[in-house]
Amino acid sequence: MRIEDYALIGDMQSAALVARDGSIDWLCLPRFDSPSCFAALLGSERNGHWWLGPNGPGERPMATRRRYRDETLVLESEWDTEGGTVRVIDFMPPRHPHPDVVRIVEGVRGTVEMATTIRVRFDYGRIVPWVRRSDGHLQAIGGPDSVWLHAPVPLKGGDYAHRATFTVSEGERLPFVFTWHPSHEPMPVEIDPELQLVETESMWREWVSRCTYDGPWRDAVIRSLITLKALTYAPTGGIVAAPTTSLPEDLGGVRNWDYRYCWLRDATMTLDALIGSGYLEEARDWRRWLLRAIAGRAQDLQIMYGVAGERRLPEMELEWLPGYEDSRPVRIGNGAVDQLQLDVYGEVMNSLYLSRSYGLEPDTRAWAIQRELLEYLEHHWDAPDEGLWEVRGPRRHFVHSKVMCWVALDRAIGQVERFGRTGPVERWRVLRDRIHAEVCDKGYDPERNTFTQSYGSRELDAALLLIPVVGFLPPEDPRVIGTIEAIQRELTVEGFVLRYPLAEDNAVDGLPGGEGAFLACSFWMAEALAMIGRREEATRLFERLLALRNDLGLLAEEYDPHTGRLVGNFPQAFSHVPLIHTARALAKAAESPALTGTHPGLTREAPSGE
Ligand SMILES: OC[C@H]1O[C@H](O[C@H]2O[C@H](CO)[C@@H](O)[C@H](O)[C@H]2O)[C@H](O)[C@@H](O)[C@@H]1O
């Protein structure tokens, strides 16, 4: 199954991937980062899955069409068969208190032969549970996990799976409910699936109704916002980068990482997109999450945490899983947790500044922490780091990292100037200017008229496209235009942008193999083009990027132009965030075709909210 053949359903604590043939191939419970009970995505059906679709000889048929019900995360897959048409409605209702997956089979026309097969495998496909029937329901139990399947038809066991065949006729509705709970607790109270359907739909509709974006490409923006909301962990306000681990950036390769954590970078960018679309509540929750997660000494700040603020995320390989299309290893945890990535200081400071600009009430603890972070940065901004790409090669003086140190100081100064905060603002101004001068001196190649990946290097880096976006230099600056053009010339494949060049020896990122075009970088290119007044070119690129979304409007981290497939974890916040920003930047550029110089997410041009 291609990555783009998957749909997302979720309950803002975890999420499942539903394949186009009706199989749920990925589900971790009770949290995004819990061990999975279905992991066929990274192996085979023997690693756990739940299929539900039309019965028949030969291969399982793919849904004839599928869509989300209006502006919700309720999925409808429909199959036209000889006997008629059947619809399966998949969703995860908000918790009360346990997680449920509901699948309602609905006869649309005629009579359709249906079948289902379920193989529960806990602990990433490793634990084959004990399965028993109780009161006509199925319970699977293994270690700390227990799941119940309430099915409207009898299931038969065999070959470590449970199966049923049945028919559904026009107007009939057959609900299946799958519920997880800790194995030491009694059976949870059964939910009413039809009532939950109504409530889940209305919850999403109410959330979408609060969106303030009414510009062009609204459908794409709304779908991206819903996807981002689905990646927030409701109990704490944390936001995961993606709900999957180890979907490869290079099919068959080793670039497989676990994204089920809360990166300060990805989360702040997500938040900026949400705030700019009217969702201040999420900003409030995330600020509280941040204050809890980073509480303590500024030098202990990590670049990522677990969804509840956990600090240890040890990276390990699951050798029993063969990986998506043989892309090994499958990893859980993420070694980048211990890296130094100076850009996160800029992203955090910017996001807190932006929240205030959009009217989030002041918080004294938040300002106290920001001051501590700045103090740390004042002493460490000039250190080499691993940069936003989390390279696994040696540390360098990445230009983007330094630019973001400038952003951190600039936004702190902005908080003093605009919101009456106090701090050593003169000292910050001096350092801000010093960093600016150093970047323009050491991070710029005058011969080629482009900024470079790191001091003294000749390589390019797509993160440099953010220079005008964050306000480090105005878009009309010849060095900005030169950098955009150099990246267009040297760092694109079929017009899509790579993060950085992958040299033969892969000296920078320290990893074997290649990777696809990075979708966030490609959106940044469209946005940068819009900012320098090349609106038509920007729109063309943006629309090509929109065309890479799957039929449900979802994007992975990367796109492989050679195979024409989405690659990397899916769906990925880092791709949906710049989609939203670029739509807004293009809308803005259409209003004022001159160089815009403003970014809805990052610059200081946000509303005052005072
Ligand atoms: O390229 C190697 C690194 O790849 C991952 O990092 C990427 O994903 C992060 C989450 O979206 C994002 O914040 C970062 O900018 C990306 O480069 C992986 O998480 C790293 O462990 C790995 O070193």
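Visitor: How do the residues of the shell around the ligand divide into nonpolar, polar and charged?

Guide: In this predicted model, the shell divides into eight nonpolar, two polar and five charged residues, where Ala, Val, Leu, Ile, Met, Phe, Trp, Tyr, Cys and Pro count as nonpolar, Asp, Glu, Lys and Arg as charged, and the others, Gly among them, as polar. Local features need pLDDT of at least 70, side-chain atom pairs count only at pLDDT 80 or more, and totals for chains, interfaces and linings use all residues. Residues are numbered from 1 along each chain as its sequence is written.

Visitor: Why are H4 and H5 called roughly antiparallel?

Guide: The axes of helix H4 (residues 264–275) and helix H5 (residues 280–293) cross at roughly 150°, with angles running from 0 to 180 degrees between N-to-C directions of lines fitted to C-alpha atoms over the stretch in contact. Angles over 145 degrees count as roughly antiparallel, and the pair is therefore described that way.

Visitor: Which residues make the contact of H4 with H5?

Guide: Ala-267, Leu-271, Leu-274 and Ile-275 of H4 meet Leu-280, Glu-282, Ala-283 and Trp-286 of H5, contact requiring C-beta atoms, placed from the backbone, within 7 Å. These residues divide into seven nonpolar, no polar and one charged.

Visitor: What makes E27 and E28 a pair?

Guide: Strand E27 (residues 558–560) and E28 are joined in the antiparallel sense over three bridges, and pairing requires that DSSP finds at least two bridges between the strands. Asp-560 stands opposite Arg-565 in E28.

Definitions and conventions. Helix = DSSP H or I, 4+ residues; strand = E, 2+ residues; numbered from the N terminus. Parallel < 35°, antiparallel > 145°, perpendicular 65-115°, else oblique. Contact = placed C-beta atoms within 7 Å.
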